[in-house]
Amino acid sequence: SEQTVAGGGAGTPKSTDDTERTGNRNTPPEQLSSGNLTGKPFIISPLENGERAMLVRVIDGDTIDVEIESKIERVRYIGIDTPETVDPRKTVQCFGVEASKKNKELVEGKAVRLEKDITERDKYGRLLRYVWLDDRLINEVLVAQGFASSYSYPPDIKYQDRIIAAEKQAREDKLGLWTACASATPINSFV
């Protein structure tokens, strides 16, 4: 039967597969592919939805590169937005460096589970996914700790109520960007 964990909400399964392996963090950008996945997703357990992936590289606070079935895929976290750090058209935005560092601290070099909502890819070819590490929804963790804001982009809103609640609490507690960037542009203008 499915395990429910504290803070995970009803029906949120807990991973029982702790297998990790070393990923290749030195893959040059020109070897990264944004093509379609081939074959069936690698499922952690029959009770969990999602694809098992090994984190290869953290790009910024809301984007990662992962290896799925020997293929490198770029993944954009669903439901959140972090200040920009890598867009060549924009300057580094308030709290962007901190958000990137926190994302690295949370997921770098680890095996994660990627959960699709409705949309497969964004207009840039990135997979759109919720990122789970064991029983923790990393998208929500980043918001709850003040490193990201909620960013609803229907139809991909499966966990948006949780993420919005996490943002509300982080704002009230004046965590992270909600203090550091008080006079900055609202984060939801970041893409």
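Ala, Val, Leu, Ile, Met, Phe, Trp, Tyr, Cys and Pro count as nonpolar, Asp, Glu, Lys and Arg as charged, and the others, Gly among them, as polar. The legends below describe a predicted model.

**Figure 1. The second largest pocket and its lining.** The volume of the second largest pocket is about 330 Å³. Of the 15 residues that line this pocket, Asp122, Arg126, Leu128, Tyr151 and Tyr153 are the closest to its centre. Sorted by class, the lining of the second largest pocket comprises eight nonpolar, two polar and five charged residues. Rolling a probe the size of a water molecule over the atoms shows where empty space is left.

**Figure 2. Overview of the chain.** The chain holds four helices and eight strands. Read from the N terminus on, its elements follow the order β-β-β-β-α-β-β-β-α-β-α-α. Of the 191 residues of the chain, 50% count as buried. Among the contacts in the chain with a separation of 6 or more, 64% are between residues 24 or more positions apart.

**Figure 3. Strand S3 and its partners.** Strand S3 spans residues 71-77, and six of its seven residues are buried, so S3 is largely enclosed by the rest of the structure. Strand S2 (residues 63-68) runs antiparallel to S3 and is joined to it by six bridges. Within this pair, aspartate 65 stands opposite arginine 74 in S3. S3 is also joined by three bridges to strand S6 (residues 127-133), and these two strands run parallel. Here valine 75 stands opposite leucine 127 in S6.

**Figure 4. The hairpin turn between S2 and S3.** S2 and S3 form a hairpin with two residues between them. Glutamate 69, in the turn, has a positive phi of about 50°. Serine 70 is placed in the loop between S2 and S3. The phi of serine 70 is near 65°, a positive value in a residue other than glycine. With a relative accessible area of 69%, serine 70 is exposed, because exposed means over 50%.

**Figure 5. Strand S6, buried along its length.** Seven of the seven residues of S6 are buried, so S6 is largely enclosed by the rest of the structure. In a regular strand the side chains alternate between the two faces of the sheet. From S6, Leu127, Arg129, Val131 and Leu133 point one way. Leu128, Tyr130 and Trp132 point the other way, and all of these residues are buried.

**Figure 6. Antiparallel partners of S6.** Strand S5 (residues 111-115) pairs with S6 in the antiparallel sense over three bridges. Arginine 113 stands opposite tryptophan 132 in S6. Strand S7 (residues 136-137) pairs with S6 in the antiparallel sense as well, over two bridges. In that pairing, leucine 133 stands opposite arginine 136 in S7. S6 and S7 form a hairpin with two residues between them, and aspartate 134 in the turn has a positive phi of about 55°.

**Figure 7. The largest nonpolar core around Ile64.** The largest nonpolar core has 36 residues, of which Ile64 and Val107 touch the most other members. The largest share of this core comes from S6, which contributes six residues. Leaving aside its neighbours within four places in sequence, isoleucine 64 is in contact with Leu55, Arg57, Val58 and Ile59, and also with Glu73, Arg74, Val75 and Tyr77.

Figure 8. The peptide bond from proline 154 to proline 155 is cis, and its omega is near 15°. Proline 155 lies in the loop between strand S8 (149-150) and helix H3 (160-172).

Figure 9. Lysine 174 lies in the loop between H3 and helix H4 (177-180). Although lysine 174 is not a glycine, it has a positive phi of about 55°. At 57% relative accessibility, lysine 174 counts as exposed.

Terms used
Residues are numbered from 1 along each chain as its sequence is written. This is a predicted model: local features need pLDDT of at least 70, side-chain atom pairs count only at pLDDT 80 or more; totals for chains, interfaces and linings use all residues. Side-chain values use heavy atoms; hydrogens and water are left out. Buried means under 20% relative accessible area, exposed over 50%, partly exposed in between (1.4 Å probe, protein chains only). Two strands pair if DSSP finds at least two bridges between them. A nonpolar core is a set of buried Ala, Val, Leu, Ile, Met, Phe, Trp, Tyr and Cys residues joined through side-chain atoms within 4.5 Å. Contact means heavy atoms within 4.5 Å. On a 1 Å grid over the protein atoms alone, a cavity is a set of points where a 1.4 Å probe fits but cannot get out, and a pocket is an open set with protein on both sides within 12 Å along at least five of seven lines; lining residues have an atom within 4 Å of a point. Grid points are joined across faces, edges and corners, and a volume is the space filled by probe spheres set on the points.
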